[in-house]
Amino acid sequence: MTTSRRDALTLAAGLAAATSLGAAAPDVLPSGAQAIAGKALTRIAFGSCAKESKDQPIWDAVLATKPDLFIFLCDNVYLDTRDPNEMRAKYAQLAAKPGFQKLRATTPILAVWDDHDYGENDAGREYITKKRCSQNLLRLLG
């Protein structure tokens with residue numbers, strides 16, 4: 001499931017507040033949120049602008065903080081293409097980063113995505129077909 005930045009932050013804040021008070025989590029949660037249901041969130045890490053073709057040493061610093069949740073706030077990759085094979089390859093580049101692999105293994109991740117994450121820079125409503133393709137690729141990361 002993808003969501004807007006505001007919705008992701010609201011979800012994270014709401015889950016943190018509700019679970020810290022012992023409230024039940026909602027039945028339907030985005031991928032990544034299932035792992036935090038019923039858990040008090042005391043440390044949430046945020047990040048964006050992860051150019052998949054470059055080294056990403058930042059993951060070591062993120063992991064060192066031992067976050068309860070990581071929220072990707074767009075530009076998780078820079079697809080800038082309409083070719084589904086190229087999209088798949090770029091998401092695979094991110095998935096192959098050792099630091100990102102460690103994060104995925106230890107920390108629930110919520111992801112918000114925008115133009116770069118689903119295709120071309122500044123692409124909009126007219127880009128719906130490729131947007132759905134890249135949305136499915138994003139789900140493979142979670």
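Helices (H or I, at least four residues) and strands (E, at least two) are DSSP runs, numbered from the N terminus. By that numbering, Cys74 lies in the loop between β2 and α3. The model is predicted, so local features need pLDDT of at least 70 and side-chain atom pairs count only at pLDDT 80 or more, while totals for chains, interfaces and linings use all residues. Residues are numbered from 1 along each chain as its sequence is written, and side-chain values use heavy atoms, with hydrogens and water left out.

**Overall make-up**

The chain has six helices and three strands. Read from the N terminus, the order of elements is α-β-α-β-α-α-β-α-α. Of the 142 residues, 42% are buried; buried means under 20% relative accessible area, exposed over 50%, and partly exposed in between (1.4 Å probe, protein chains only). The chain exposes about 7,700 Å², and carbon and sulfur atoms supply 53% of that area. Accessible areas come from the Shrake-Rupley method with a 1.4 Å probe; for residues, only the protein chains shown count as cover. Contact means heavy atoms within 4.5 Å. Among contacts between residues at least 6 apart in sequence, 73% join residues at least 24 apart.

**Strands**

Two strands pair if DSSP finds at least two bridges between them. Strand β2 pairs with β1 in the parallel sense over four bridges, and four bridges also join β2 to β3, again parallel. Phe46 has Ile71 in β2 as its bridge partner, and Leu73 has Val112 in β3.

**Cores and helix α4**

A nonpolar core is a set of buried Ala, Val, Leu, Ile, Met, Phe, Trp, Tyr and Cys residues joined through side-chain atoms within 4.5 Å. The largest has 17 residues, of which Trp59, Val62, Phe70, Phe72, Phe100 and Leu103 touch the most other members. Two or more residues of this core come from each of α2 (58-64), β2 (69-73), α3 (84-96), α4 and β3 (109-112). A second, separate core has five residues, including Ile36, Leu41, Leu69 and Ile71.

Leaving aside neighbours within four places in sequence, Phe70 is in contact with Ala45, Phe46, Gly47, Trp59, Val62, Leu103, Thr107, Pro108, Ile109 and Leu110.

Helix α4 (residues 98-106) has Gly99, Phe100 and Leu103 buried. Seen down the axis of α4, these buried residues fall within an arc of 100°, so they line one face of the helix; the arc is that of the directions from the helix axis to the C-beta atoms. Pro98 and Ala105, on the other side of α4, are exposed. An α-helix has 3.6 residues a turn, so residues three or four places apart point the same way.

**Cysteines and selected residues**

A disulfide is a pair of cysteine sulfur atoms within 2.5 Å, and the structure holds zero of them. The sulfur of Cys49 is 8.7 Å from the closest cysteine sulfur, that of Cys74, which is too far for a bond. Cys74 is likewise in no disulfide.

| Residue | Class | Relative accessible area |
|---|---|---|
| Cys49 | partly exposed | 47% |
| Cys74 | buried | 3% |
| Asp75 | buried | 13% |
| Ala96 | partly exposed | 45% |

The backbone at Cys74 has a positive phi of about 80°, although this residue is not a glycine. Asp75 is found in the loop between β2 and α3. Asp75 has a positive phi of about 50° and is not a glycine either.

Ala96 belongs to helix α3.
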